[in-house]
Amino acid sequence: MSTSSFRKTASRKRRILAAGATAASALLLLTGCLSNTPPAAEGEAPAGGNATASDNDAAGEPLVIGFSAPAADHGWMGAITSAAEAEAAKYEDVELRVAEGTNDVNLQISQIEGFINDGVDAIVLLPFDGAALTEVATKAMEAGIPVINVDREFTSPFAARTTVLGDNYGMGVSAGTYMCEELADKPDAVVAEIAGIDSLPLTQERSQGFADALGDCGLEVSNRVAADFTVQGGEQAATNLLQAAPKIDAMWNHDDDQGVGVLSAIENANRDEFFLVGGAGSANVMREIQEGDSVVQATVIYPSTQAADGIKLARLIAHDRSLGDLTSQSVPRLVQLYAPVVTSENVDEYIDAAFES
């Protein structure tokens, strides 16, 4: 390693670990990287402790960002990678190296090791298994390479400089709150739930948020089944639930990809006495909402832009810049995205950015 490369790596390592090991986590909606603060008038000092009027999209030194995610075996995951690539293409100073999507933990570990050996400037990583990728992510951080963890958390705070998350608990709260409002005149309403993979923390968090929100208005889940985020799994789970529940007032399906199968099962059973709330926010479910001729009444967004936000943050961190909308001088350690409910009233605001199941 040359002397200049060594100094660059050592300096970068000190900056990452100093910012990442001791800072408190911050929860915020990522709204953009350009300042909304108007320039100070002549003779006036800028508002706040730091000048935030810098143009973060201005090109800097060339950067190489490595990106790895699971296989695009369903619509949401495919959209994750596509959005990341599109975001990187906006910046003339970014070269994005995309590893082949894989659900093989050992292969994904080797991909990250390859990025480390190549000396990339940052890594954006959506791990197939957060716990299994923690060690190699920590290795990257120790090598002075900032890691931006997306969607599935590592088990150590030292494995990532910044983490970008959807809000799984918030998804459940949003779905449950919406149902409480819609079922306000039905205190004995029968509520059904079709979850994803029950062993995953994200599924458990979604179900907990849903139960908590329903409990706040005196409702509870009467019938619950779990699927596996696939069309086939969704259809089988929904078929079983519909057979077990002769009457339903409302149903929440955690995932719009598996929702394709759920809707097929509902159609085959000739059931339409209830309304359905989806999860994740696919374009096909939003079209159902627009058309208004199916049981689908709403869906809860789980952003497929998380990795794109990761690319933007990786670039800022590698350039030692901050979010322009913040007074703080560095990028936060944790960014958690909101889970809004999409209905017929606001679907036009969301459908153009939605993914296809």
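Modeller: A residue is buried under 20% relative accessible area, exposed over 50% and partly exposed in between (1.4 Å probe, protein chains only). This is a predicted model, where local features need pLDDT of at least 70, side-chain atom pairs count only at pLDDT 80 or more, and totals for chains, interfaces and linings use all residues. Residues are numbered from 1 along each chain as its sequence is written, and side-chain values use heavy atoms, without hydrogens and water.

Colleague: Why is Asp249 called buried?

Modeller: Asp249 has a relative accessible area of 8%, and the limit is 20%, so the residue is buried. Buried residues make up 50% of the 357 residues in the chain.

Colleague: What makes the contact between Lys186 and Asp249 a salt bridge?

Modeller: The term asks for a side-chain nitrogen of Lys or Arg within 4 Å of a carboxyl oxygen of Asp or Glu. Lys186 and Asp249 meet at 3.6 Å, N to O, so the pair passes. The two belong to distant parts of the chain, 63 residues apart: Lys186 is in the loop between helix H5 (168-182) and strand S6 (191-195), and Asp249 is in the loop between helix H7 (231-244) and strand S8 (250-253). Helices (H or I, at least four residues) and strands (E, at least two) are DSSP runs, numbered from the N terminus; the chain has 11 helices and 12 strands.

Colleague: Why does Lys186 count as partly exposed?

Modeller: Its relative accessibility is 38%, which lies between the limits of 20% and 50% and therefore gives partly exposed.

Colleague: How many salt bridges does the rule give?

Modeller: The count is 12 salt bridges. One of them joins Lys312 and Glu87 at 3.3 Å, N to O. Lys312 is in helix H10 (residues 306-318) and Glu87 in helix H2 (residues 75-88), 225 residues apart, and the pair links distant parts of the chain. Both Lys312 and Glu87 are buried. With Lys90, these two residues are linked in a network of salt bridges.

Colleague: Which N to O distance is found for Arg271 and Glu273?

Modeller: The closest N and O atoms of Arg271 and Glu273 are 2.8 Å apart, and the pair forms a salt bridge. Arg271, at a relative accessible area of 14%, is buried, whereas Glu273, at 34%, is partly exposed.

Colleague: What is the strand order in the open sheet of six strands?

Modeller: The order is S2-S1-S3-S4-S5-S11, with parallel pairing. Strand S2 (94-98) and strand S11 (334-336) are at the edges because each has a single partner strand, which leaves one side of each without a neighbour in the sheet. Neighbouring strands of this sheet are turned by 15 degrees against each other on average, direction ignored.

Colleague: How do you know that strand S4 and strand S5 pair?

Modeller: Pairing needs at least two DSSP bridges between two strands. Strand S4 (residues 147-150) and strand S5 (residues 162-165) have three bridges, in the parallel sense, so they pair. Within S5, Thr162 is the bridge partner of Ile148.

Colleague: Across which strands does helix H3 lie?

Modeller: Helix H3 (residues 105-118) lies across S1, S2 and strand S3 (122-125), and runs at about 170 degrees to S1. Helix H2 lies across strand S1 (63-68) and S2, at about 155 degrees to S2.

Colleague: What makes Ile145 buried?

Modeller: Its relative accessibility is 1%, so Ile145 counts as buried. Ile145 is in the loop between helix H4 (130-142) and S4.

Colleague: Which residues does Thr343 touch?

Modeller: Leaving out residues up to four places away in sequence, Thr343 touches Tyr178, Ile289, Gln297 and Ala298. Thr343 is in the loop between strand S12 (341-342) and helix H11 (347-350), and its 13% relative accessibility makes Thr343 buried.

Note on methods:
Axes fitted to C-alpha atoms, helices over the stretch in contact; angles between N-to-C directions. Contact = heavy atoms within 4.5 Å.
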